[in-house]
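Me: Please take a close look at one part of the structure shown here, and connect what you find there with the rest of the chain.

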Amino acid sequence: MLRYGDLEIDPPLILAPMAGITDRQFRLVLRRLGGVGLVTMEFISSEGLLRNCKQMLRKLHFVEEERPISIQIYGSKPDRMADAAAIVEQIGADACDINMGCPANKILKGCAGCALMADLDNAAAIVREVRKRLTIPLTVKFRAGIDDNRINFLELGKICQEEGAQAVALHPRTGKQMYRGSADWTRIAELKDALSIPVVGNGDINTARDAMDMWEQTGCDAVMIGRASMKNPWIYRQINELRAGLPLREPSLDDRRDLILKHFRMVLAEEPIKIIMNKLRTFTSWYTKGLPGGRDLRVQIGSLDDPEAFFDAIEAFFEKTRSLVA
Ligand SMILES: Cc1cc2nc3c(=O)[nH]c(=O)nc-3n(C[C@H](O)[C@H](O)[C@H](O)COP(=O)(O)O)c2cc1C
């Protein structure tokens with residue numbers, strides 16, 4: 001079990017925040033499959049939240065079934081981040097996370113996300129000011145550094161600890177690397193050795209076995225999973241099976257089809273038509289990665305603009321795949 005202050009996270013398995021992915025429907029999909037200890041939202045701009053609170057509140061909506069849930073904010077101004085964090089607490093989030101790892105140009109230009117790793121004084125001021133305004137746990141997620149010449153995750157980790165963060169999460173690539181190369185887990189072990197607050201390890205967990213390896217190799221307090229959560233939403237349950245010494249169950253093709261259709265019915269019922277097709281395309285791409293015929297389906301759905309045609313294409317895909325693997 002992992003603790004962020006008074007918050008218990010059990011099992012110590014965390015859904016990584018992912019823009020455009022970790023929305024309410026997907027969080028519920030994972031919660032209903034079971035095995036995840038903490039879910040997170042995609043990152044929220046502190047400025048956007050303060051300027052357009054009403055519109056943002058729709059995005060920030062969550063239901064009790066999702067708890068515990070953490071909301072991640074980003075920004076570059078300590079006082080504005082503190083104001084945004086206060087709203088996060090008011091909304092009822094169980095924890096607030098600060099993004100210091102996003103390498104996207106749009107975010108870096110605003111001196112937020114990973115850019116804060118190049119301005120540790122400001123990073124410290126943000127953690128300090130946000131901490132003062134919160135009673136819920138505060139965590140910080142960051143990378144190894146801006147680039148190979150500026151690897152400073154240990155320094156930033158110590159700053160977060162000194163300024164009162166309850167935990168940190170490390171994705172051990174540099175900002176410049178984006179998602180290239182591989183996550184260097186030895187850095188997670190180094191951070192764990194250097195800090196007394198919990199360290200969450202993240203990066204390149206593709207299978208349940210990888211999570212066990214990360215624990216063994218780094219001693220991290222919890223494992224955070226991003227992309228594999230879409231490719232294999234059962235991964236959390238599988239990790240728990242391995243931890244309990246049980247045989248690992250693989251989902252059947254029918255399990256996969258049912259999960260996709262259930263998820264998409266939720267999207268259809270809850271989202272405005274404008275964004276339904278985008279969401280269905282995005283998730284179909286992730287859900288079918290590595291399945292035979294997945295690439296053909298992804299090409300086919302690119303040209304569909306009616307949700308019902310989409311559902312038919314998914315059904316047909318699974319019919320065909322079943323005959324291929326039978
Ligand atoms: C589509 C996508 C969106 C992401 N959005 C965020 C985000 O909003 N905040 C954040 O801290 N990290 C974000 N990340 C990074 C992930 O949280 C995670 O650190 C990274 O994917 C490495 O973990 P993985 O190898 O398990 O995917 C995003 C990653 C992806 C693939």
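This is a predicted model: local features need pLDDT of at least 70, side-chain atom pairs count only at pLDDT 80 or more; totals for chains, interfaces and linings use all residues.

Reply: Residues are numbered from 1 along each chain as its sequence is written, and side-chain values use heavy atoms, with hydrogens and water left out.

Searching the whole structure gives 25 salt bridges, each being a side-chain nitrogen of Lys or Arg within 4 Å of a carboxyl oxygen of Asp or Glu. One of them joins E270 to R24, whose closest N and O atoms are 3.1 Å apart. This pair links distant parts of the chain, since E270 belongs to helix α12 (residues 253-270) and R24 to helix α1 (residues 24-33), 246 residues apart; helices here are DSSP runs of H or I with at least four residues, and strands are runs of E with at least two. Side chains of opposite charge can pair when their charged atoms come close.

Among the polar contacts (pairs of N or O atoms within 3.5 Å), a polar backbone atom of A19 is 2.8 Å from a nitrogen atom of the ligand, and a backbone N or O atom of F43 is 3.2 Å from a ligand oxygen. A side chain takes part as well, with a polar atom of K141 placed 2.9 Å from an oxygen atom of the ligand. Taken alone the ligand exposes 600 Å², of which the protein buries 88%, and the space that the ligand takes is the largest pocket.

The peptide bond from D10 to P11 is cis, with omega near 0°, and P11 sits in the loop between β2 (7-9) and β3 (13-15). Another cis peptide bond runs from R67 to P68, with omega near -5°, and P68 is found in the loop between α3 (53-59) and β6 (69-74). M178, although not a glycine, has a positive phi of about 55°, and M178 lies in the loop between β9 (167-174) and α8 (186-194). Most residues other than glycine have a negative phi, and most peptide bonds are trans.

Terms used. A polar contact is a pair of N or O atoms within 3.5 Å; within protein, one must be able to donate a hydrogen and the other to accept it, and residues adjacent in sequence count only if both atoms are side-chain atoms. Accessible areas come from the Shrake-Rupley method with a 1.4 Å probe; for residues, only the protein chains shown count as cover. On a 1 Å grid over the protein atoms alone, a cavity is a set of points where a 1.4 Å probe fits but cannot get out, and a pocket is an open set with protein on both sides within 12 Å along at least five of seven lines; lining residues have an atom within 4 Å of a point. A molecule sits in a cavity or pocket if more than half of its atoms lie within 2 Å of its grid points.
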